[in-house]
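Open the structure in your viewer and keep the selection tool ready. We will go stop by stop.

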Amino acid sequence: MKLFLDTADVAQIREVWSWGIIDGVTTNPTHVSKTGRKPVEVYKEICDIVDGPISMETIGLKADEILVEGRQLAKIHKNAVVKVVNTLEGLKAVKQFTKEGIKTNVTVTFSPLQALLAAKVGAGYISPFVGRLDAVGHVGMDLVRQIKTIYGNYGYKTEIIVAAVRHPMHVLEAGLAGAEVCTMGYDVIKQLYNHPLTDLGIEMFLNDWKKVPKA
Ligand code: E4P
């Protein structure tokens with residue numbers, strides 16, 4: 001299972017990359033706006049830190065605009081993945097990117113049929129937003145399981161990135177559902193390391209070690 005960090009904060013990316021557990025990064029317009037920096041500068045810096053797929057989102061809503069932006073983003077680095085919104089225009093652009101060999105991540109996905117359409121135009125990744133579905137009373141992870149079934153039924157190669165992750169249970173369920181990737185923020189990825197019984201176990205071992213005769 002691949003773990004991506006969902007942020008444009010290069011300090012966080014540098015730190016988490018040093019932990020040795022992340023395989024890539026997903027950014028979005030909100031993340032980039034929080035940095036207060038020029039997007040291309042941020043993207044280049046992320047690509048210098050992380051050796052893995054880096055999703056960079058297009059802003060235009062028309063296929064022609066998405067194509068212009070996406071081709072520029074793809075030139076930034078060999079690991080650039082062009083993130084495109086899951087709309088009719090977006091998927092037209094994805095079809096063309098696929099022909100040009102540009103890898104895509106189809107984002108803001110909320111239904112299995114949207115995911116089917118993205119696979120049909122050759123999306124490299126599909127990003128279902130599970131936390132946003134949970135927030136409106138739907139079980140976000142059901143969407144992931146449905147996409148997994150549909151892709152499995154027909155052998156689509158599009159990889160599922162479980163996105164809008166809010167807590168470690170989302171990561172666990174993503175793994176159990178067989179999603180290829182889960183992307184999450186700094187707080188959630190750090191929480192994955194924690195277990196109170198591990199802390200207690202270490203404390204007990206260290207206390208017992210104090211009683212061991214030393215040379
Ligand atoms: C994924 O690629 C998105 O960047 C992200 O998960 C969006 O989710 P959120 O803004 O609801 O956290």
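Which oxygen atom lies 2.7 Å from a polar side-chain atom of Arg166? Select Arg166 and look: the oxygen atom belongs to the ligand. The protein covers 86% of the 340 Å² of accessible area that the ligand has on its own. Accessible areas come from the Shrake-Rupley method with a 1.4 Å probe; for residues, only the protein chains shown count as cover.

A word on what you see. This is a predicted model, where local features need pLDDT of at least 70, side-chain atom pairs count only at pLDDT 80 or more, and totals for chains, interfaces and linings use all residues. Residues are numbered from 1 along each chain as its sequence is written, and side-chain values use heavy atoms, with hydrogens and water left out.

Next, select Arg132. One of its polar side-chain atoms lies 2.7 Å from an oxygen atom of the ligand. Now pick Asn28. An N or O atom in its side chain is 2.7 Å from a ligand oxygen atom.

Move on to Leu176. Find it in helix α9, residues 168–177. Helices here are DSSP runs (H or I, at least four residues), numbered from the N terminus. Is Leu176 buried or exposed? It is exposed, with a relative accessible area of 69%. Exposed means over 50%, buried under 20%, and partly exposed in between (1.4 Å probe, protein chains only).

Last stop: Pro213, in the segment after α11 (196–210). Pro213 is exposed too, at 73% relative accessible area. Pro213 and Thr149 are 64 residues apart in sequence and 59 Å apart in space, C-alpha to C-alpha.

Definitions and conventions. Polar contact = N/O pair within 3.5 Å; in protein donor to acceptor, adjacent residues only side chain to side chain. Helix = DSSP H or I, 4+ residues; strand = E, 2+ residues; numbered from the N terminus.
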